[in-house]
Amino acid sequence: MLPPADSLAPEWLVVPEDANDLASGVWPASAVRDADGVLEIAGVSAADLARTYGTPLLVLDEDEVRGRARAFRTAFDQAASDHGTTAQVYYAGKAFLSTTVARWVVDEGLRVDVCTGGELEVALAAGVSPESLGFHGNNKSTAELERAVIAGVGTIIVDSAIEIERLAAITARTGAVQRVLVRVISGVHAETHEFLATAHEDQKFGFPLAEAEVAVARIRELPGLDFAGLHCHIGSQIFGVAGFRESASRVLELHAALLDGGPVPLLNLGGGFGIAYTRVDDPTPIEVLAGEIVSAVAEGCAARGIPVPALSFEPGRAIVGTAGVTLYEVGTTKDVTVESGAVRRYVSVDGGMSDNARTALYGAQFSARLASRIGVGEPQLSRVVGKHCESGDIVVDHEYLPADLVPGDLLAVPATGAYCASLASNYNHVPRPPIVAVRDGRSRIIVRGETIDDLLARDAGIDGAHAPEGDR
Ligand SMILES: *Cc1c(COP(=O)(O)O)cnc(C)c1O
């Protein structure tokens, strides 16, 4: 018989032997507990971080980001050279973009992908060479495209027939020659261990394979556009190679056909490489994945008697996800008896869906640990919730936390480096938290937190009478 609370736990969540342990692969490699049991990241104590910067706080481990970036670059370089070609890795900035992080990844040999005018400005402000930028998006405005062309953005990934004409007009006006890729939808959609392959896709991105040839023909007749190849992105949080293999095979069919009309030097297979959010996630190591994906492409090319093109990849989550840990302070706890008589403990923290929307938005699973000390109580099934006026405001749906957790304790949620800060909102007028980088025992702000002043600053109904600086 399960104890009553455990009957509410999902099947995948096992009662931990020690509810203070840090599951390997889920936390940055530098995460340890110090002699007092306090969580430490890159040699910096979580308790000190909370005291210095307040909570909630997003902590980014610089060496973890750099290490992942390097691992991707090395893995794809190696795999590509094994098959007589080259590979470029673009960091997908939408996972999390600030000038500091852009500089880290560029420093490690990556390029950067942006998908709006705003992301483009951040990358340019970081000093990223425009030539090494990729620009995505299904609805890039004429103003955004013009800015990109004039700035000298290396590659624009064209998403629609209308965009081709917008670029034709801009390049005719400016005299620039813009390199473009054509985004296609292969009909393959992959997530974690599964992929779905269809002939038609009911979604907004790219050209169906059957329509891409016409688009490429149009680009080839425009003097201002330089057709470089195809682009395809099949999903996110993918663990295996099967989806990539199927998608590459479909796209290569078109790639080979296009060679009849001129050169097709490049193939970009997008991002979507998965990470571990909880201890049951088992992402394939990038060294293995890179080897298998590039082999699949090489086999597909050999079968069609065509040369292996230069390859590009666009990881986002897999570069920054595991590097991020969010620190919260516990405010209240509540034992809630559900229908079956089982009790679920709700642990309320001082942030929520405004700093991590993934749980509410995607039903994502995260894990959590008491960070300010070692808990001595039995593991108790808990749900970590935020402070927003919404019952769906859940940060960690199911986790075992020590029974002695009390208000004032610090809680750490790992794997929040990707798609948390970048999806953050001011829901309920909650200021967005600061972001701090840690490395070698030191911390520094890379994005400052919002203040009540920031929130009031945009309200045109207020004249001047703002709350004091820093008042939260
Ligand atoms: C979102 C996205 C990525 C990055 O996806 P991750 O899952 O973060 O690796 C790469 N390329 C394109 C076109 C995207 O839309």
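Arg317 counts as buried at 8% relative accessibility (buried means under 20% relative accessible area, with a 1.4 Å probe and protein chains only). The model is predicted: local features need pLDDT of at least 70, side-chain atom pairs count only at pLDDT 80 or more, and totals for chains, interfaces and linings use all residues. Residues are numbered from 1 along each chain as its sequence is written, and side-chain values use heavy atoms, leaving out hydrogens and water.

**Arg317**
- Helix α10, residues 317-320, holds Arg317 (a helix is a DSSP run of H or I, at least four residues, numbered from the N terminus).
- Leaving aside residues up to four places away in sequence, Arg317 touches Ala95, Ser236, Gln237, Phe273, Ile275, Tyr277, Arg358, Ala418 and Tyr419 (contact means heavy atoms within 4.5 Å).

**Tyr419**
- Tyr419 sits in the loop between β22 (410-414) and β23 (435-439) (strands are DSSP runs of E, at least two residues).
- Tyr419 is buried, at a relative accessible area of 13%.
- Its contacts, not counting residues up to four places away in sequence, are Lys94, Ala95, Arg317 and Arg358.

**Annotation**
- An unreviewed UniProt entry annotates Gly272, Glu314, Pro315, Gly316, Arg317 and Tyr419 as "binding site" (positions follow the numbering used here, feature names are shortened, and annotations may be inferred rather than shown by experiment).
- Of these residues, Glu314 is included in the lining of the second largest cavity (a cavity is a set of points on a 1 Å grid over the protein atoms alone where a 1.4 Å probe fits but cannot get out; lining residues have an atom within 4 Å of a point).

Note on methods. 1 Å grid on protein atoms, 1.4 Å probe; cavity = no way out; pocket = protein on both sides within 12 Å on 5 of 7 lines; lining within 4 Å. Buried < 20%, exposed > 50% of the residue type's maximum accessible area, 1.4 Å probe, protein only.
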